[in-house]
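Dear colleague,

Please find below the structure that I am handing over to you. My notes on it follow directly after.

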Amino acid sequence: MRKISFEAIYVLWLREIKTFVRARSRIIGNIVQPFFFLAIFGVGFKSSMKFATPQMSGIDYMQFLVPGLIGMALLFSSMFAGLSILWDRQFGFLREIMVAPVSRLSLVLGRVAGGMTTTILQALSILLIAWLFGFRIKGGASFFLSLILMALIGIGFVGMGVAFASKMEDMHGFQIVMNFIIMPIFFLSGALFPLEGIPSWLGFLMYIDPLTYGVDGMRAVMLGISHFPLAVNFTVLIAFCIVMLTLGSYLFSKCEV
Amino acid sequence: MQAIQVLNLTKEFNGFKAVNDISFSVEEGEIFGLLGPNGAGKTTTIRILSTTLRPTKGKVKVWGYDVKTDPDDVRRSIGIVFQDQTLDDRLTGVENLDFHARLYGMDKKMRKKRIEQVLKLVGLWDKRNTLVKYYSGGMCRRLEIARGLMHYPKVLFLDEPTLGLDAQTRHIIWEHIKSLNQREKIAILLTTHYMDEADILCNRVGIIDRGKILVIDRPENLKNLVGKDIISMKLSSPEKMIKLVAGFDWVKKSELHDGLLYLKVTKGDEKIPLLVNLAQKNSINVELVNLRKPTLEDVFLHFTGRTIRQEEGSTRQRISMRLRSWRRR
């Protein structure tokens with residue numbers, strides 16, 4: 001019971017991938033939204049906005065926005081992957097999983113693995129769209145580092161989603177999480193505007209937002225501009241992942257179906 | 001060996017006894033039914049037996065393993081078909097079964113063989129690669145039964161296996177349950193609030209109401225216990241027949257309605273030849289004989305003073321509200 005079953009992790013991962021690939025409307029929706037953001041938001045602001053700080057000179061708003069949009073996609077799709085436990089609960093499938101002779105930890109890890117993979121696939125599709133808009137990453141090494149950052153952001157937020165879903169009885173809680181957790185995390189992450197020169201009360205909220213470090217880290221490796229040193233970003237994200245995985249597994253192990 | 005042993009099991013939710021000191025056992029290869037209205041404690045019992053709910057008091061053993069101390073061994077020994085659908089409808093039939101088999105640690109060769117076996121058993125082999133969202137209600141139920149059998153369980157739990165299905169589909173499911181019980185030599189515990197279902201499928205039936213098991217016996221015995229069989233006869237001179245049968249102590253009551261003679265008797269099937277012979281000896285012409293056996297419905301009425309259908313209407317809402325408040329804890 002306490003053991004981790006790799007077969008169980010694999011099969012949950014496989015289910016996530018299969019259902020992801022089959023949900024065509026979801027994939028299209030996930031690509032269209034960042035496309036509009038880039039095409040309208042990005043192009044619109046690009047022409048009228050110049051960053052004031054010298055560090056950012058030569059960076060236009062479109063470039064600045066791409067890591068933020070990737071962060072946004074990572075946040076949304078990984079939280080949804082974690083919260084999909086609610087759907088499984090609603091449609092009864094959670095029971096089938098819960099009575100299997102498999103540890104709860106394996107079940108959480110399987111969901112995290114699946115959610116992380118589909119999340120990264122979506123992030124990469126945004127990167128591809130951005131490439132069409134002329135966005136370029138500096139090189140192979142920074143691409144690799146970006147992947148690691150994406151994985152960390154994905155794992156952390158899937159864990160957070162699992163934690164919330166374990167405490168919620170039904171789907172009604174979903175809107176609350178959406179409006180009171182996901183949206184603030186997105187707006188406060190610096191995905192749309194830089195951390196420089198903001199009032200201190202807002203700055204405080206942005207500093208406790210884990211996604212801030214994810215977006216800042218991706219800007220560091222993709223564009224070479226960042227607010228925090230990259231090591232700080234990595235440390236905070238790793239700590240965030242550990243806390244969320246532990247919390248998610250603990251709460252999931254306590255939940256009844 | 002006993003497949004299931006339940007001794008003095010009690011389950012309380014906030015002081016409310018959903019299951020109140022029940023005891024029963026299920027033998028290897030037996031089909032045992034828990035019959036009772038909604039909210040009687042059937043599903044709670046199954047959830048305790050399948051380790052998703054912990055008992056408040058009492059001893060519960062499934063296939064020799066204690067649900068409290070060896071839940072993992074219990075889980076490996078059992079298959080469950082839940083009351084509500086628990087399939088992933090974005091996957092195909094085969095994929096649902098494969099998912100299950102992998103969770104239970106079956107290797108590739110065994111998975112392939114077993115998937116074919118169980119799908120053929122429930123008649124879904126032709127539909128194996130169809131997404132479950134295109135399955136009908138009856139097909140889903142059959143697939144769930146197939147899935148419950150995947151990992152060669154020793155004991156199968158069926159929680160209201162034909163709830164919400166049409167009459168024809170119910171008969172198909174019953175056939176499948178009977179044939180798998182014979183072919184797989186598997187012990188089956190099923191819960192139902194359908195009298196006919198318990199009657200047709202079960203070797204033994206426990207009648208459960210308000211958390212208590214009132215009686216456990218074979219369906220025939222239960223029916224013999226409460227009711228007398230009713231023989232109705234169409235005769236050339238029924239008045240004469242009434243006088244003739246008045247002397248027998250096995251005739252509990254005789255009545256004449258609309259030209260038909262109704263006799264309440266014990267063991268009616270044995271009495272038909274006697275009555276026919278008697279009539280012929282006294283040159284009474286027998287045009288028609290009919291025997292009606294008491295149903296489990298009569299048994300339920302006998303033990304609870306209510307019919308199971310009355311119970312449905314009045315308490316269903318109350319119980320579902322109560323359930324909801326438990327879940328909210």
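What pattern does chain A follow when read along the sequence? In this predicted model, the order is α-α-α-α-α-α-α-α-α-α, and chain A accordingly holds ten helices and zero strands. The radius of gyration of chain A is 19 Å, close to the 18 Å given by the globule rule for 257 residues, so chain A is as compact as a globular protein of that length. Along the principal axes, its C-alpha atoms fill a box of roughly 60 × 40 × 35 Å.

Two further figures describe the interior of chain A. Of its 257 residues, 46% are buried. Among the contacts in chain A with a separation of 6 or more, 84% are accounted for by residues 24 or more positions apart.

Helix 8 of chain B (residues 219-226) packs against helix 11 of chain B (residues 296-304) at an angle of about 60 degrees, and their axes are 9 Å apart. Because angles from 65 to 115 degrees count as roughly perpendicular and those under 35 as roughly parallel, this angle makes helix 8 of chain B oblique to helix 11 of chain B. The crossing of the two helices is left-handed.

Which residues meet where helix 8 of chain B packs on helix 11 of chain B? Helix 8 contributes Pro219(B), Leu222(B), Lys223(B) and Val226(B), while helix 11 contributes Leu296(B), Asp298(B), Val299(B) and His302(B). By class, this contact comprises five nonpolar, one polar and two charged residues.

With kind regards

Key. Residues are numbered from 1 along each chain as its sequence is written. Chains are lettered from A and ligands numbered from 1 in the order in which they are written. This is a predicted model: local features need pLDDT of at least 70, side-chain atom pairs count only at pLDDT 80 or more; totals for chains, interfaces and linings use all residues. Helices (H or I, at least four residues) and strands (E, at least two) are DSSP runs, numbered from the N terminus. The radius of gyration is taken over C-alpha atoms; the globule rule is 2.2 Å times the number of residues to the power 0.38. A residue is buried if 20 or more other C-beta atoms lie within 10 Å of its own, exposed if 12 or fewer, and partly exposed in between; C-beta atoms are placed from the backbone. Two residues are in contact if their C-beta atoms, placed from the backbone, lie within 7 Å. Axes are lines fitted to C-alpha atoms, for helices over the stretch in contact, and angles run from 0 to 180 degrees between N-to-C directions. Angles under 35 degrees count as roughly parallel, over 145 as roughly antiparallel, 65 to 115 as roughly perpendicular and the rest as oblique. A crossing is left-handed if the near helix is turned anticlockwise from the far one by less than a right angle, and right-handed if clockwise. Ala, Val, Leu, Ile, Met, Phe, Trp, Tyr, Cys and Pro count as nonpolar, Asp, Glu, Lys and Arg as charged, and the others, Gly among them, as polar.
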